[in-house]
Number of protein chains: 2
Amino acid sequence: MVNQKSLKRFLQYRLSLIKFQRLGFEKVFSYNLGKDVGVTAEQVRKDFSMFGLKGSKRGGYDIKYLLKTIDEIFKRNGERQVIIIGMGNIGQALCNYQGFKENNIIIVAGFDLDPAKYSKKYAIPVHSTDKMEEVIKKNSIRTAIIAVPEFAGQEVCDQLVSLGIKGILNFSPVNLKVPEDIVVNYVNLRNELESLFYYT
Amino acid sequence: MVNQKSLKRFLQYRLSLIKFQRLGFEKVFSYNLGKDVGVTAEQVRKDFSMFGLKGSKRGGYDIKYLLKTIDEIFKRNGERQVIIIGMGNIGQALCNYQGFKENNIIIVAGFDLDPAKYSKKYAIPVHSTDKMEEVIKKNSIRTAIIAVPEFAGQEVCDQLVSLGIKGILNFSPVNLKVPEDIVVNYVNLRNELESLFYYT
DNA sequence: ATTTTTTTGTTCCAAATTTCACAATAATTG
DNA sequence: CAATTATTGTGAAATTTGGAACAAAAAAAT
């Protein structure tokens with residue numbers, strides 16, 4: 001399977017490439033990208049070579065070509081659909097997050113146990129978790145965000161996997177046990193902040 | 001300097017330890033913790049040994065003792081103060097995030113360029129960025145959250161560093177250039193989600 | 001009291017990741 | 001058009017990270 005770290009670097013390269021393009025450049029060298037993203041030039045070249053991205057010796061890499069290929073890697077041309085399970089603080093914030101909307105990422109629906117959340121006050125429709133199967137099947141959803149409290153994390157995860165979800169972004173503070181063909185990215189906001197207090 | 005990865009693992013161990021304690025246990029073995037957190041028992045023992053945490057051969061580790069020591073590592077006994085720069089979507093969500101409040105993490109103030117945000121409608125006082133110095137000095141703040149748009153990230157970071165901030169949690173999608181005694185943790189919500197679409 | 005069992009703490013080993021080094025080659029210069 | 005220079009692409013070296021293995025020690029069993 002593909003290296004998860006290098007995948008995430010590609011998304012950084014992409015942001016950097018767009019920046020260079022806005023500045024009027026058409027070509028970049030590996031050390032331009034590396035410097036901007038904070039990795040070595042060799043790392044950039046290795047990443048590119050891993051995905052078959054070609055440059056020209058002495059001429060560097062063509063920005064348009066790189067962006068086009070990266071867009072394909074991440075399916076940026078189609079609509080990319082996601083669901084959110086858990087409409088608490090984090091779930092609600094993600095619904096309103098411009099960063100998703102601006103990048104073809106559509107949050108199709110939210111799910112929650114609390115009926116008080118099934119109102120129209122959110123940017124997206126919110127349903128009972130009973131409806132997960134229906135929504136996933138109807139839209140062929142493959143990607144989900146888990147934003148439920150700790151105790152519910154694993155159970156929700158198991159359900160999602162059984163309904164065909166392949167990629168999970170997990171905000172709940174649990175280590176999820178999943179089959180090996182499922183990819184989980186973890187975001188633990190509290191731990192990211194708290195670890196900084198070690199240095200204070 | 002200390003290994004950032006093992007620091008974050010300690011916070012996972014902590015959550016797991018609390019879980020075990022709630023279940024009535026007083027001792028754990030490295031493989032209990034490892035299994036729950038998703039690392040090997042050897043990794044747990046290595047981490048503990050790195051921070052001088054002692055167990056007893058055959059008896060395992062004392063949960064209370066581990067928790068007490070981990071609490072010291074992360075200064076959990078005192079109040080831990082933070083400021084947020086950028087009161088957009090993410091900044092606002094973090095203000096209301098229970099996970100911080102429940103863990104002695106106090107968001108002292110928020111800062112934004114937009115005067116429309118200086119109202120009382122947030123859970124914390126929001127000021128002009130001009131006031132950062134005053135607030136940081138008065139409260140001896142050492143930790144900050146950057147939640148501004150891409151273009152402002154580096155500038156805000158430079159300001160913070162010059163005002164004595166030592167740890168930064170960065171939500172802006174830029175690689176921050178900082179002196180080597182400053183620690184930056186990156187959270188890029190969009191990239192974490194987007195990288196999953198590779199697999200769809 | 002001795003033996004057996006279990007688990008830690010640590011050294012040694014393996015795998016993965018990153019960096020180095022350099023040949024190959026395309027652009028540029030004279 | 002030959003010589004020079006700059007940059008890619010990649011195989012080898014180095015580093016980092018995680019895992020296995022085992023001696024030491026404590027508890028339990030006999």
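DNA strand D is surrounded by 21 residues, and A:Ser30, A:Arg45, A:Arg58, A:Tyr61 and B:Lys46 come closest. A residue counts as near a strand if one of its heavy atoms lies within 4 Å of it. Around DNA strand C there are 22 residues, of which A:Lys46, B:Ser30, B:Arg45, B:Arg58 and B:Tyr61 are nearest. The model is predicted, so local features need pLDDT of at least 70 and side-chain atom pairs pLDDT 80 or more, while totals for chains, interfaces and linings use all residues. Residues are numbered from 1 along each chain as its sequence is written, chains are lettered from A and ligands numbered from 1 in the order in which they are written, and side-chain values use heavy atoms, with hydrogens and water left out.

**Surface near DNA strand D**

- Helix H2 (30-37) and H3 of chain A, together with H3 of chain B, each supply at least two residues; helices here are DSSP runs of H or I with at least four residues, numbered from the N terminus.
- H3(B) gives the largest share of this surface, four residues.
- By class, the surface near DNA strand D has eleven charged, seven polar and three nonpolar residues; Asp, Glu, Lys and Arg count as charged, Ala, Val, Leu, Ile, Met, Phe, Trp, Tyr, Cys and Pro as nonpolar, and the others, Gly among them, as polar.
- Sugar or phosphate holds 64% of the atoms of DNA strand D within 4 Å of the protein, and bases hold the rest.

- The side chain of A:Tyr61 places an N or O atom 2.7 Å from a phosphate oxygen of DNA strand D.
- For B:Arg45, a polar side-chain atom lies 3.5 Å from a base nitrogen of DNA strand D.

**Surface near DNA strand C**

- Helix H3 (41-50) of chain A and helices H2 (30-37) and H3 (41-50) of chain B each supply at least two residues.
- The largest share, four residues, comes from H3(A).
- Eleven charged, eight polar and three nonpolar residues make up the surface near DNA strand C.
- Of the atoms of DNA strand C that come within 4 Å of the protein, 64% belong to sugar and phosphate.

- An N or O atom in the side chain of A:Thr40 is 3.0 Å from a phosphate oxygen of DNA strand C.
- A:Arg58 has a side-chain N or O atom 3.0 Å from a base nitrogen of DNA strand C.
- In B:Arg45, a side-chain N or O atom is 2.7 Å from a base nitrogen of DNA strand C.

Note on methods. A polar contact is a pair of N or O atoms within 3.5 Å; within protein, one must be able to donate a hydrogen and the other to accept it, and residues adjacent in sequence count only if both atoms are side-chain atoms.
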